[in-house]
Amino acid sequence: LLFPYSEAEKPEITDEELESFYRQNFNRYSIPEQRSARHILIKTTEGDSEDVLSEKLKRAEQVLELANSGEDFVELAKQYSEGPSGPKGGDLGSFTQGRMVKPFDDAVFALNEGEISDIVETQFGFHVIKVEKIEPARTKPLEEVKDEITFQLKKQKGNELAFTGATEAYEKIILAGSLEKFSQQNTDTTVDQTEFFPRKSPEKSGFTEG
């Protein structure tokens with residue numbers, strides 16, 4: 001069965017409903033602090049000897065010295081970094097706390113904007129890190145998410161209307177004695193035959209089962 005409705009019958013959402021939904025789902029609109037960072041990586045492996053590790057650490061220290069002396073960090077990364085982000089100037093984009101391996105994560109979230117770290121060692125190697133930008137945690141205001149909430153509430157109300165219509169139609173079909181008789185008595189309700197669809201996914205058919 002199809003339960004069409006006109007534009008005038010579409011569910012309206014009041015300001016009170018919007019505010020109530022926003023308050024009840026406040027955490028959904030909270031954005032944690034994010035940081036943008038670049039790094040220069042001197043890679044190490046488990047098979048590196050003490051001498052090799054010592055040589056690589058010295059290279060990292062030389063790069064750190066250049067960075068602290070005012071050399072362009074982007075160009076240093078392009079020249080010295082052995083990580084995949086090297087050609088992009090070491091750019092790692094924005095990320096929240098807990099996304100990176102712990103020593104790296106701890107270093108990034110202990111720095112101020114524009115600061116460069118000391119040498120940070122992880123299982124990947126020796127890193128020199130620069131925090132480019134800090135975006136503080138914030139909560140999206142209602143005005144920013146108003147359209148999103150309106151869409152969700154209209155969808156919810158539309159589903160409720162469809163369920164109510166289907167329930168009423170089911171009762172009327174029983175009273176009429178058959179689906180055919182029901183359709184003859186209710187010309188404003190469209191009866192159509194769907195293609196086969198899975199028992200658990202009737203919504204994919206585009207029809208509401210009565």
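**Chat about the model**

Modeller: Starting with Lys102: this lysine is exposed, since its relative accessible area is 60% and anything over 50% counts that way. Keep in mind that this is a predicted model.

Colleague: Which residue forms a salt bridge with Lys102?

Modeller: Asp106 does, and the closest N and O atoms are 2.7 Å apart. Both sit in helix α4, and because they are 4 residues apart there, about one helical turn separates them.

Colleague: And Asp106, at 37%, what does that count as?

Modeller: Partly exposed, because 37% relative accessibility falls between the 20% and 50% cut-offs.

Colleague: How many salt bridges does the structure hold?

Modeller: The structure has 9 salt bridges. One of them joins the side chains of Lys78 and Glu75, at 3.9 Å from N to O. Those two are 3 residues apart in helix α3, which means about one helical turn lies between them. Lys78 is partly exposed at 45% relative accessibility, and Glu75 is partly exposed too, at 46%.

Colleague: While we're on α3, which residues are buried there?

Modeller: Phe73, Leu76 and Ala77 are buried in helix α3, which runs over residues 73-80. They take up an arc of only 100 degrees around the axis, so they end up on the same side of α3.

Colleague: What covers the buried residues of α3?

Modeller: The cover includes β2, α2 (50-68) and β5.

Colleague: What happens at the start of α3?

Modeller: Asp72 has a side-chain oxygen that comes within 2.9 Å of the backbone nitrogen of Val74.

Colleague: Switching topic. Which residues make up the largest nonpolar core?

Modeller: There are 10 residues in the largest nonpolar core: Ala37, Phe95, Phe104, Ala107, Val108, Phe109, Leu111, Val120, Ile129 and Val131. Two elements, α4 (102-108) and β5 (125-135), supply at least two residues each. The most comes from α4, with 3 residues.

Colleague: What does Phe95 touch, leaving out residues up to four places away in sequence?

Modeller: Its contacts are Glu33, Gln34, Arg35, Ala37, Met100, Phe104, Val108 and Phe109.

Colleague: How many aromatic pairs turn up in the whole structure?

Modeller: A search finds 3 aromatic pairs. Tyr22 and Phe26 make an edge-to-face pair, with 5.8 Å between centres and 80 degrees between the planes. Tyr22 is buried at 12% relative accessible area, while Phe26 is partly exposed at 38%. Phe95 and Phe109 also pair up: their ring centres are 6.3 Å apart and their planes meet at 70 degrees, so that pair is edge-to-face. Phe95 comes from strand β3 (residues 91-96) and Phe109 from the loop between α4 and β4 (120-122), a link between distant parts of the chain, 14 residues apart.

Colleague: Are Phe95 and Phe109 buried or exposed?

Modeller: Both are buried.

Colleague: Which residues do ring pairs link into a cluster?

Modeller: Tyr22, Phe26 and Tyr29.

Colleague: Now Ser36. Where is Ser36 found?

Modeller: Ser36 belongs to strand β2 (residues 34-43). With 14% relative accessibility, Ser36 counts as buried, because the cut-off is under 20%. Its side chain makes a polar contact of 2.8 Å with the side chain of Ser94. Beyond its neighbours within four places in sequence, Ser36 has contacts including Gly93, Lys130 and Glu132.

Colleague: How far apart are the closest N and O atoms of Lys130 and Glu132?

Modeller: They are 4.0 Å apart, in a salt bridge. Lys130 is partly exposed at 22% relative accessibility, and Glu132 is partly exposed at 33%. Arg38 joins Lys130 and Glu132 in one network, through salt bridges that share partners.

Colleague: Last one, Lys157. Which helix does Lys157 lie in?

Modeller: Lys157 is in helix α5 (residues 142-176). Lys157 is partly exposed, at 24% relative accessible area. Glu12 is 145 residues away from Lys157 in sequence, but their C-alpha atoms are 8.9 Å apart in space.

Technical notes. Residues numbered from 1 in each chain as written. Heavy atoms only, no water. Buried < 20%, exposed > 50% of the residue type's maximum accessible area, 1.4 Å probe, protein only. Polar contact = N/O pair within 3.5 Å; in protein donor to acceptor, adjacent residues only side chain to side chain. Contact = heavy atoms within 4.5 Å. Core = buried A, V, L, I, M, F, W, Y, C linked by side-chain atoms within 4.5 Å. Phe/Tyr/Trp six-rings, centres within 6.5 Å; stacked < 30°, edge-to-face > 60°. Arc of directions from axis to C-beta.
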